[in-house]
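Subject: Handing over the model

Hi,

Here is the structure I promised to pass on. Have a look at it first, and then read my notes below.

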Amino acid sequence: MSASAEMPYFIKPSLNLDTEAKKAAYEQAVVAIDANLEGETDRILKMATINSVLKTYLPYYYWAGFYVVKNGRLSVGPYQGTLGCLHIEFGRGVCGRAAREQKTQLVGDVHALAQGSEHIACDPNSASEIVVPVLDGKGELIAVYDVDSTQINSFDALDQFYLEKIMERHFRREALD
Ligand code: SME
């Protein structure tokens with residue numbers, strides 16, 4: 001079972017932001033994330049908090065959440081939005097590619113990808129996405145962070161910059177805190 005094309009009443013379609021508004025929203029989100037996670041070491045709490053703040057501040061985040069590395073595949077972790085796929089193999093989807101290559105993936109139009117192999121449509125309303133690898137203090141992949149928008153071309157180098165910075169700050173440098 002996957003999410004239906006009809007949006008539940010409490011889920012809103014995405015609203016794209018221009019560069020200035022996007023930068024301002026990320027700057028505010030970073031302050032809120034850092035303040036709330038001061039001294040926190042639990043990964044699940046960190047994932048849930050980062051996700052909640054970003055989903056609240058960025059109006060084009062339709063589905064946002066972590067897929068964590070578990071038993072050789074990606075399994076859904078803290079997320080907000082419509083029903084997400086539970087497990088994703090490393091060989092499939094944009095999330096799998098981000099995990100395999102350990103490189104951020106930006107997709108302007110997910111419908112241009114081969115469905116079922118290059119892209120997994122958990123919710124047919126998703127139109128563009130960004131997936132960022134999440135590494136721990138030893139440089140090992142622990143998760144990917146996946147954000148989908150109902151608009152095409154919602155994500156760009158600015159999203160990549162802030163999301164990579166947030167993941168680096170709260171997971172890669174955890175051993176140094
Ligand atoms: N977009 C992902 C699938 C996960 S859902 O969008 C929540 C992918 O193709 O990897």
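This is a predicted model: local features need pLDDT of at least 70, side-chain atom pairs count only at pLDDT 80 or more; totals for chains, interfaces and linings use all residues.

Before we get to the helices, a word on how their packing is described: axes are lines fitted to C-alpha atoms, for helices over the stretch in contact, and angles run from 0 to 180 degrees between N-to-C directions. Helices (H or I, at least four residues) and strands (E, at least two) are DSSP runs, numbered from the N terminus. Two packed helices are described by the angle between their axes and the distance between the axes.

Residues are numbered from 1 along each chain as its sequence is written, and side-chain values use heavy atoms, with hydrogens and water left out.

Let's start with α1 and α4. Their axes are 10 Å apart and the packing angle is about 10°. The two are therefore roughly parallel (angles under 35 degrees count as roughly parallel, over 145 as roughly antiparallel, 65 to 115 as roughly perpendicular and the rest as oblique). On the α1 side, the contact (heavy atoms within 4.5 Å) includes Lys 22, Lys 23, Glu 27 and Asp 34. On the α4 side, Asp 159, Leu 163, Ile 166 and Arg 169 are among the residues taking part. By class, this contact has 7 nonpolar, 2 polar and 6 charged residues; here Ala, Val, Leu, Ile, Met, Phe, Trp, Tyr, Cys and Pro count as nonpolar, Asp, Glu, Lys and Arg as charged, and the others, Gly among them, as polar.

Next come α1 and α2, whose axes come within 9 Å and cross at roughly 155°. That pair is therefore roughly antiparallel. Ala 25, Ala 29, Ala 32 and Ile 33 are among the α1 residues in the contact, and α2 brings residues including Ile 50, Val 53 and Leu 54. The classes here are 9 nonpolar, 3 polar and no charged.

How do α2 and α4 pack? The angle is about 155°, with the axes 11 Å apart, which means that α2 is roughly antiparallel to α4. This crossing is right-handed as well. Arg 43, Lys 46, Met 47, Ile 50 and Leu 54 of α2 meet Leu 163, Ile 166, Met 167, His 170 and Phe 171 of α4. Sorted by class, that gives 7 nonpolar, 1 polar and 2 charged residues.

**The cores**

A nonpolar core is a set of buried Ala, Val, Leu, Ile, Met, Phe, Trp, Tyr and Cys residues joined through side-chain atoms within 4.5 Å. Buried means under 20% relative accessible area, exposed over 50%, and partly exposed in between (1.4 Å probe, protein chains only). The largest core has 31 residues, and those touching the most other members are Ile 50, Leu 54, Tyr 61, Phe 66, Tyr 145, Leu 163 and Met 167. Which elements give two or more residues to this core? They are α1 (19-36), α2 (43-57), β1 (63-70), β5 (128-135), β6 (141-149) and α4 (157-172). Another core, of 18 residues, lies apart from it, with Cys 85, Cys 95, Ala 99 and Cys 122 among its members.

**Loops to look at**

Thr 150, in the loop between β6 and α4, is 25 residues from Asn 125 in sequence, yet their C-alpha atoms are 5.4 Å apart. Asn 125 sits in the loop between β4 (105-107) and β5, and counts as buried at 17% relative accessibility. Leaving out residues up to four places away in sequence, Thr 150 touches Met 7, Pro 13, Ser 14, Tyr 62, Asn 125 and Ala 127. Asn 125, counted the same way, touches Ser 4, Ala 5, Met 7, Tyr 62, Ser 149 and Thr 150.

Now for some backbone angles. Most residues other than glycine have a negative phi. Asn 71, in the loop between β1 and β2 (73-80), has a positive phi near 50° and counts as exposed at 77% relative accessibility. Gln 102, in the loop between α3 (93-101) and β4, also has a positive phi, near 50°; this residue is partly exposed, with a relative accessible area of 40%.

Cheers

Note on methods: A crossing is left-handed if the near helix is turned anticlockwise from the far one by less than a right angle, and right-handed if clockwise.
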